[in-house]
Amino acid sequence: MSRLMKKLLWTAILPLVVMALLTFGLTSLLIGRFAETESYDQLAREADIVYEALVDGRGIPGQLDVLVFQDGEAVNLERGGRMRRQMTPMLDPDGLSERDEVSVNGMRLLTFLREEGDVQIVTYAPVPLSNPQFRQIYVILGSGFLLALLVAIGVTYWMGRRLTSPLIELKQAAASIMSGRHDLTLPPVTDDEIGDLTEAVRQMNTSLEEKERLQNTFISGITHDVRTPLAIVRNEAEMLELGVVKQEDVAETGRSMTEEVDRIDRLVTQMLEYSKLSAGKLALTIETVHMNELIEATVARMEEWFRHKQVTVTLELVEDAVVQADRLAMERILSNFLQNAYHASPIGGMITIRLTERRLEIEDDGPGITASMRANIWDMYVKGDRSNGHGLGLAINKLLLEAQGLSYGIESREGALFWIEWE
């Protein structure tokens, strides 16, 4: 039995037991009090009957439990009708009050005392709890409580099984996810919180599976991007070591080695930058940034780069749009967006930059972004089909924009359109 099932059983049964005991106790008390009052009233009526019989000189009904004393001495009564079979108790009227409860030979009795001159009439009866009829009532109440308890245990166990079974399956599914397995068997999705949890686990598993796939792709890409320049550097270094490089080609070989090392350095720098941003350790300096000036300077710096694919950059800028942000971070964001647009653009394509007072748009005329890719385009390891980057640029942009409190998004028209908005 699971721990949750035990808790459910205790939660359901303990209050029921307490309620049943309280109900049984209160019912017994009320019945006992009521029966005791009725018994005393009946004993008083019996005492009246005995007194009238004595006054009239008639015999005492044999079914009455009564003792008659005169001046403290017991009087033998003439009995009529049905005779009592039980033994007459020994009672002393001097120690009795009008309504009393005494113990005689281990039997609890209720007594009623009526005094008329020198005559004392004592009627008596067993206390209600020792009455067989009342015992039957208590047996019925106890049996009903026991039956209700058994039914409650059965219903609680059945309901508990229905509640805990999917939770146990979800626990096993979570353990499978932790071990790296994604071929899960999940319980049916029901219209309650457990169903919501099941759907959340399913979505989490799908997301983690996609993350692992992207991570593996990223690692493969990073490995390739590192090993390729390392192989080039090694080959050229060996050629220099062996002296097979002509004197006039030494400078070109050195420049090639430097470029490949720079490629590795840029990759490592991006990864470190992403790590710092994720941990919130990259300090930003918020100041007033004139976006039109920043855009013009960035485009001018990248002009030679765009010329390689004959990409035209069209500027549609307002006179002066300002934003409270970190200038270096905004330059990095703009450069990443432009590089992304450059890689997505065909040869001879066009990139359009639109700037209003509260919004910046960068649009290319590439193939656009599919709906499935838009869902995780901002995540690490994700890159477009035409990108030769490492899937870090947009992930870094996301962290930089969120760190500065700026809104961002992507739309797919004829090409891809990335936008930024600020207050």
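This is a predicted model: local features need pLDDT of at least 70, side-chain atom pairs count only at pLDDT 80 or more; totals for chains, interfaces and linings use all residues.

Q: How many salt bridges does the structure hold?
A: The structure holds 16 salt bridges.

Q: Take Asp-48 and Arg-114: what is the N to O distance there?
A: The side chains of Asp-48 and Arg-114 meet at 2.2 Å, N to O. That pair links distant parts of the chain, with Asp-48 in helix α1 and Arg-114 in strand β6 (residues 107–116), 66 residues apart.

Q: Is Asp-48 buried or partly exposed?
A: Partly exposed, because the relative accessibility of Asp-48 is 31%.

Q: What does Arg-301 form a salt bridge with?
A: Arg-301 pairs with Glu-331, and the closest N and O atoms are 3.3 Å apart. Arg-301 sits in helix α5 and Glu-331 in helix α7 (residues 327–344), so the bridge ties together parts 30 residues apart in sequence. Arg-301 is partly exposed at 49%, and Glu-331 is partly exposed at 25%.

Q: And which residue does Arg-359 meet in a salt bridge?
A: Glu-411, at 3.6 Å, N to O. Arg-359 belongs to strand β12 and Glu-411 to strand β13 (residues 407–412), so parts 52 residues apart in sequence are tied together. Arg-359 counts as buried, at 17% relative accessibility, while Glu-411 is partly exposed with 28%. Both belong to a salt-bridge network that also includes Glu-316, Arg-354, Glu-361, Glu-363 and Glu-421.

Q: How far is Glu-411 from Ile-369, C-alpha to C-alpha?
A: They are separated by 7.8 Å, although 42 residues apart along the chain. Ile-369 is in the loop between β12 (359–364) and α8 (371–374). Ile-369 is buried, with a relative accessible area of 14%.

Q: Back to helix α5. Which residues are buried there?
A: In α5 (residues 291–301), Met-291, Asn-292, Leu-294, Ile-295, Thr-298 and Val-299 are buried. They lie on the same side of α5, because they cover an arc of only 160 degrees around the axis.

Q: Why would residues three or four places apart point the same way?
A: An α-helix has 3.6 residues a turn, so such residues point the same way.

Q: Surface next. Which residues gather in the patch of negative charge?
A: Glu-293, Glu-296, Glu-319, Asp-320 and Glu-357. Asp-320 is in the loop between β9 (312–317) and β10 (322–325), and is partly exposed at 45% relative accessibility.

Q: What makes the nonpolar surface patch of about 640 Å²?
A: Trp-10, Leu-14, Val-18, Leu-22, Leu-26 and Leu-29. Leu-29 is in helix α1 (residues 3–56) and is partly exposed, with a relative accessible area of 47%.

Note on methods: Residues are numbered from 1 along each chain as its sequence is written. Side-chain values use heavy atoms; hydrogens and water are left out. Patches are made of residues with over 30% relative accessible area and no salt bridge: like charges are joined within 9 Å, nonpolar side chains (Val, Leu, Ile, Met, Phe, Trp, Tyr) within 5 Å. Accessible areas come from the Shrake-Rupley method with a 1.4 Å probe; for residues, only the protein chains shown count as cover. A salt bridge is a side-chain nitrogen of Lys or Arg within 4 Å of a carboxyl oxygen of Asp or Glu. Lys and Arg count as positive and Asp and Glu as negative; His and the chain ends are not counted. The place of a charge is taken as NZ of Lys, CZ of Arg, CG of Asp or CD of Glu. Helices (H or I, at least four residues) and strands (E, at least two) are DSSP runs, numbered from the N terminus. Buried means under 20% relative accessible area, exposed over 50%, partly exposed in between (1.4 Å probe, protein chains only). The arc is that of the directions from the helix axis to the C-beta atoms.
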